[in-house]
Amino acid sequence: MTAAPDAPAPPAGRLSGLPRVLRLIGGTALSLAITLLGLLLVTFIIGRVVPIDPVLAIVGERATTAQYEATRLALGLDEPMWKQFAIYVGNAVQGDLGQSLRTKREVSEDIIRYFPATLELATIATLFGVLVGVPAGVLAATRPGTWVDQIVRIVGLMGYSMPVFWLGLLALLVFYGILGWVGGPGRLDAGFSMMFELDVEQRTGMILIDTALAGEWAMFRNAISHIILPSAVLGYTSMAYISRMTRSFMMNELGQEYITTARVKGMPEWRVVWVHALKNVMVPLITVIALSYAYLLEGSVLTETIFAWPGLGSYITDALFAADMPAVLGGTVVVGVVFVTLNMASDLLYRLVDPRAR
Amino acid sequence: MKLDLTLRRAGAFALASFLAGTAPAALMAQTPADTLVIGDAIDDIVSIDPHEAFEFSGTDLINNTYDTLVELDPTQRGVLVPGLAESWEVAEDGVTYTFKMRPGVTFASGNPVRAEDAAFSLQRVVKLNKTPAFILTQFGFTPENVEEMITFDGDTVTFKTDQPYAPSFVYNCLTAAVGAIVDKETVMANEVNGDMGNEWLKSNTAGTGAYVLLSYKPSDSYILEAREGHWRGDAKLKRVFMRHIPEGATNRLLLERGDIDVSREVTSVDIEGMEGNADIRVETDLAGYIYYISANQKNEALANPKVLEAMRWAIDYQGMTESFLQGEQTVHQAFLPRGYLGAIEETPYALDIEKAKALLEESGVELPLNISMSVRNSQNRTDMAQSVQNTFAQAGINLTLSIGEGAEVLGEYRARQHDLTLQSWGPDYPDPHTNASTFVINGDNSDEAQLTGSLAWRNAYDPGELMTMTQAAVMERDTDKRRAMYEDIQRQHRDTSPFIMMFQENNRTAMRSNISNFYTGGTVDSVTYWLTEK
């Protein structure tokens, strides 16, 4: 999946008479629609030009020619491509993402099942990335060239360059296999996992929230011990990115004249850095964080595989290899919505942080 | 995916070397004492309706939640034992089978099992006509005639086939998952739009098996609970918890830490790494998959018998199983997997470059011979293909490998567009006819016939006399004679057909050493949980 392009600004002339909120919502809806349509079109075309026959992917080795033909007709693959696309978009608008060819289940049901696990993991990973990455970046920027800066640089570089698969396995081996500090792959221990399936009401599909709502605190703690490692591994990569970006924004900010003025006035250095400079750094940083969050929300196939985490990444990838286009397109819609929504959220946050944007 | 695989291998390998020198220091986790926790890849499941399921993980689940009229003894290879039918017989006419129902058995719902349920279930297979339906419809059942062909009266079910087939063929087919008997009342109470309960059975069970399904989350997990007072005797462990854990190294860690009891997804690297760990035991038995290379007979050079024979001598079968396929595959040179009625175990072909060279000289084809071979993009297949490429080159055949995704390679194969192709085949039901029919029978060798389900047709192979022999074998009522017929067919097929049989796959199951009696079902059956103890 590729990142959606930034939402185009709504044409000011036509909408300028409307209240601001409506303008914002209208513009967002429009950009969401355009982005999704473009995404779907590209995905749809790719799905049709790859040399994988979707019919064969469903009917399998044994099928006779008659079964093959029947399935091809049932899928509507005899229609011209534009018509197939139009039918798909028409259904999608009504919330019907179709049936997965591979699992024969509703794609929307599948996504509702897999997305919460990814959402939970990505959120905690991003929290980790921000809580560690921003302070690390600030520290590095205020002490350029020192050992602190070097350590942040090296740790960040490792986050960029180490394959997440390797990192995940190593982390599992050390913290779970040898030290036994954290829970293993999967979202809960076997015993808790069965209890969760059978006895806990699953309101959100996110284990931390569901167990907390049910007051199952032992299970909640167990869930934390399981999510900590995969989210740290995932969060490490975004931490690396966030800390590098923070450092460079901060270096730039600390060279500004208002900083010199603040220092000359005798303001404590911690206040100059952590309040005045950081506040201005937050503006571009919000975009960085939102994008890295969106990236994690697509689901990471490798991390999900190693940690036996039933998320969206594996779902979309499996679907892709099985030429299961309804599932691929459904996943694409979700990822598209996530990107556009986060873009919008970061736009809104801009306005809160930066008075000039209000 | 290629990169993923390489990374995975590299990761797993490094992990194994790393682990060799360390021992888990912390305390072992424990699985619940009354629960069997299994790690496996279960994302192949399309449906758990027994009359629709046709994937390994799905039929494993079904084998433990449903029973069939006739069963295979899980502890002995290929031995038929009574299931929900306590006895059965075939009439003199050779087409009328009668099954007498076992009295006093109930479904999980509490409903008694009646002959009516059995007849309904078999009729349901034919009427639903899902993927595995052919296992029953090959006896001549159609949605139109099935109510007359399969009937019940009192406690007996009668079953009429269109021809006097070998009784062993009929019984073997009834042991497959598609022969499962479902609870008519419960299933029909959940019918939606005339689907005979198909949608409902995708997330529920309604059988007589040792276990009942408590929860099923696709590509994530399922939980089974043992029934009390089961007719076969109660299951030893109260619950089975299946976790979808697709990665080998992850399985290994969980197993070594004691967070799962059994793993069915460990790789050679993991197994090697666990050697010497007293807490873990690895059991190996044969699986049904056969790996073979086949030659398209539309290619003139490949239709030359001498060329085919040369190729049989130009493959390093032993070398592969002793190196990169160690433990994963066993050399096997016939189309029936070991464990099947009539299977033969001899392996007359071995690498002999000189012999292959001489045969190629005799063949009269222009040397070196340039041909291509299509291969699916998976590690062990590409490794096999490279080994073959290497030994073929020594004999005088320049082999170009064309590596592609599964569906892509399959599409080309079904369209008869390949030269050589490296493929695998797993049997569909526990009777020799399953492989004999596809490897031998080709009713019409023309392109227009489009008999794409037949491997013989895909390779434009005209089986001649072997086809008549195969058709006779499926009718032979004397089981010993039938066995001998298959042995004979396979030997001739091995030496004359365009199929070069190479390997039979192994099942490897790693388990904690306190686990006993875990039966995978080997080549002919699915896994059995109810006998497992810990």
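**Chat on the model**

Modeller: B:His244 counts as buried, because its relative accessibility is 13% (buried is under 20% relative accessible area, exposed over 50%, partly exposed in between, with a 1.4 Å probe and protein chains only). This is a predicted model, where local features need pLDDT of at least 70, side-chain atom pairs count only at pLDDT 80 or more, and totals for chains, interfaces and linings use all residues. Residues are numbered from 1 along each chain as its sequence is written, chains are lettered from A and ligands numbered from 1 in the order in which they are written, and side-chain values use heavy atoms, with hydrogens and water left out.

Colleague: Which strand does B:His244 lie in, and what does B:His244 touch?

Modeller: B:His244 is in strand β10 of chain B, residues 239-244. Helices (H or I, at least four residues) and strands (E, at least two) are DSSP runs, numbered from the N terminus. Leaving out residues up to four places away in sequence, B:His244 touches A:Ala308, B:Asp40, B:Ala41, B:Ile42, B:Asp43, B:Ser219 and B:Asp220; contact means heavy atoms within 4.5 Å.

Colleague: What does the side chain of B:His244 reach?

Modeller: The backbone nitrogen of B:Ile42, at 2.9 Å.

Colleague: Next, B:Thr434. Buried or exposed?

Modeller: Buried, because B:Thr434 has 3% relative accessibility. B:Thr434 belongs to helix α15 of chain B, residues 433-440. Its contacts, not counting residues up to four places away in sequence, are B:Tyr340, B:Pro427, B:Asp428 and B:Tyr429.

Colleague: And where is B:Glu55?

Modeller: B:Glu55 sits in the loop between β1 (35-40) and α2 (56-65) of chain B. B:Glu55 and B:Asp43 are 12 residues apart in sequence and 9.7 Å apart in space, C-alpha to C-alpha. B:Glu55 touches B:Asp44, B:Ile45, B:Val46 and B:Ser47, again not counting residues up to four places away in sequence.

Colleague: Over to the interface. How many residues of chain A are in contact with chain B?

Modeller: 45 residues of chain A, in contact with 61 residues of chain B. The two chains bury about 4500 Å² between them, 63% of it on carbon and sulfur atoms. Buried area here is the accessible area (1.4 Å probe) that two parts lose on being put together, summed over both.

Colleague: Which side chains meet in a salt bridge there?

Modeller: Those of A:Glu197 and B:Lys217, at 3.3 Å, N to O. The rule finds one salt bridge across the interface of chain A and chain B, the rule being a side-chain nitrogen of Lys or Arg within 4 Å of a carboxyl oxygen of Asp or Glu.

Colleague: Which helix gives the most to the side of chain A that touches chain B?

Modeller: α8(A), with eight residues.

Colleague: What is the secondary structure of chain A?

Modeller: Chain A has 16 helices and zero strands. Of its 358 residues, 48% count as buried. The C-alpha atoms of chain A fill a box of roughly 85 × 65 × 40 Å along the principal axes.

Colleague: Which residues make the nonpolar surface patch?

Modeller: A:Leu41, A:Val42, A:Ile45, A:Ile46, A:Val49, A:Val50 and A:Met81, covering about 570 Å². Helix α2 of chain A, residues 20-49, gives the most, with five residues. A:Val50 is in the loop between α2 and α3 (54-59) of chain A, and A:Val50 counts as partly exposed because its relative accessibility is 35%.

How values were computed. A polar contact is a pair of N or O atoms within 3.5 Å; within protein, one must be able to donate a hydrogen and the other to accept it, and residues adjacent in sequence count only if both atoms are side-chain atoms. Patches are made of residues with over 30% relative accessible area and no salt bridge: like charges are joined within 9 Å, nonpolar side chains (Val, Leu, Ile, Met, Phe, Trp, Tyr) within 5 Å. Accessible areas come from the Shrake-Rupley method with a 1.4 Å probe; for residues, only the protein chains shown count as cover.
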